[in-house]
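Subject: Structure handover

Dear colleague,

Please find the structure below, with the sequence. My notes on what was found follow it.

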Amino acid sequence: MKKIFWIFAVLLGSTFAACSEESEVGEFENNWRERNVNYIDSVASVARANQGSAVNQWKVIQSYHLSSDFVSTDNQDYVFAQIKEVGTGSASPLYTDSVSVNYRGHLIPTVSYPGGKVFDQNFYGELTDVENKKIMVPSTFSLGGVVDGWTTALQQMHVGDVWRLYIPQSLGYGSSTSNSNIPAYSTLVFDVYLREIKK
């Protein structure tokens with residue numbers, strides 16, 4: 001009798017696991033592109049209404065690819081950045097610079113991932129935690145070697161800034177799937193702490 005119970009329990013567990021995997025996959029297929037466009041549009045509305053330079057205010061940053069005298073009305077041409085912490089630095093990195101950063105990247109919220117599925121990170125805990133900052137190991141990137149959304153936003157940041165970036169798919173990976181964790185047409189959400197600019 002015990003043997004039958006354990007076989008039933010194993011079969012039931014695998015059925016739930018299979019259903020969970022199917023629903024997770026469906027979350028990133030069913031109207032994924034449309035949901036990401038709607039998400040970035042809703043973020044844009046909040047950002048445009050709350051612009052400033054203080055903590056919890058927003059920066060609306062047009063893609064560095066577009067000339068400064070051209071003003072786009074398409075939210076896909078902008079990175080929306082919420083300021084989490086204001087740094088003490090005064091310089092911003094240039095396109096030819098490298099930066100030392102801590103970051104966490106995730107997708108938009110879904111049923112299985114209410115905070116957004118994390119696809120990459122180089123720290124754990126909170127970016128604004130002073131003690132955590134002492135033990136975080138940063139990564140170094142060339143501004144010309146990352147997605148356009150990062151390049152666009154980082155050229156506006158200063159050393160010590162912590163921003164949450166909302167990058168539309170057009171300034172991220174677009175219609176391609178960068179790896180198995182980032183579906184095509186994904187809005188990318190990054191928490192970024194700019195630690196150092198390397199000329």
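By what part of a helix are Lys134 and Glu131 in helix α3 separated? They are three residues apart in α3 (residues 130–135), so the separation is about one helical turn. Helices (H or I, at least four residues) and strands (E, at least two) are DSSP runs, numbered from the N terminus. The side chains of Lys134 and Glu131 form a salt bridge, 3.1 Å from N to O, and both residues are exposed. A salt bridge here is a side-chain nitrogen of Lys or Arg within 4 Å of a carboxyl oxygen of Asp or Glu. For accessibility, buried means under 20% relative accessible area, exposed over 50% and partly exposed in between (1.4 Å probe, protein chains only).

Source and confidence

This is a predicted model, in which local features need pLDDT of at least 70 and side-chain atom pairs count only at pLDDT 80 or more, while totals for chains, interfaces and linings use all residues. Residues are numbered from 1 along each chain as its sequence is written, and side-chain values use heavy atoms, with hydrogens and water left out. The average pLDDT (the predictor's confidence in each residue, from 0 to 100) is 88, and 86% of the residues score at least 70. Over residues 1–23 pLDDT stays under 50, and the model has zero contacts beyond four places in sequence for them. Contact means heavy atoms within 4.5 Å. Where pLDDT is low, the predicted coordinates should not be read in detail.

Overall make-up

The protein has four helices and seven strands. From the N terminus, the order is α-α-β-β-β-β-α-β-α-β-β. Of its 199 residues, 40% count as buried. Among contacts between residues at least 6 apart in sequence, 69% join residues at least 24 apart.

Salt bridges

The structure holds four salt bridges, including the Lys134 and Glu131 pair. Another joins Lys199 to Asp97, with the closest N and O atoms 2.9 Å apart. Lys199 is in the segment after β7 (188–198) and Asp97 in the loop between β2 (78–85) and β3 (98–106), so this pair ties together parts that are 102 residues apart in sequence. Lys199 is exposed, at 72% relative accessible area, whereas Asp97 is buried, at 3%.

Asp191 and Arg164 also meet in a salt bridge, at 2.6 Å from N to O. Asp191 belongs to strand β7 and Arg164 to strand β6 (residues 162–167), so parts 27 residues apart in sequence are tied together. Asp191 is buried, with a relative accessible area of 9%, and Arg164 is partly exposed, with 24%.

Largest pocket

The largest pocket has a volume of about 210 Å³. Of the 12 residues that line this pocket, Tyr103, Asp120, Trp150, Tyr173 and Phe190 are the closest to its centre. A pocket is an open set of points on a 1 Å grid over the protein atoms alone where a 1.4 Å probe fits, with protein on both sides within 12 Å along at least five of seven lines; lining residues have an atom within 4 Å of a point. Grid points are joined across faces, edges and corners, and the volume is the space filled by probe spheres set on the points. The lining has nine nonpolar, two polar and one charged residues. In that count Ala, Val, Leu, Ile, Met, Phe, Trp, Tyr, Cys and Pro are nonpolar, Asp, Glu, Lys and Arg are charged, and the others, Gly among them, are polar.

Individual residues

Lys59 lies in strand β1 (residues 58–62) and is partly exposed, at 25% relative accessibility. Beyond its neighbours within four places in sequence, Lys59 contacts Gly52, Ser53, Val79, Phe80, Ala81, Ile83 and Trp163. The C-alpha atoms of Lys59 and Val79 are 8.1 Å apart, and the two residues are 20 residues apart along the chain.

Gln155 sits in the loop between α4 (148–154) and β6 and is partly exposed, with a relative accessible area of 21%. Not counting residues up to four places away in sequence, Gln155 touches Tyr64, Ser92, Pro93, Leu94, Tyr95 and Leu143. Gln155 and Leu94 are 61 residues apart along the chain, with their C-alpha atoms separated by 5.9 Å.

Asn31, in the loop between α1 (2–27) and α2 (32–49), has a positive phi near 55 degrees. Tyr185, in the loop between β6 and β7, has a positive phi of about 65 degrees. Most residues other than glycine have a negative phi. Asn31 is partly exposed, at 45% relative accessible area, and Tyr185 is partly exposed, at 24%.

Regards
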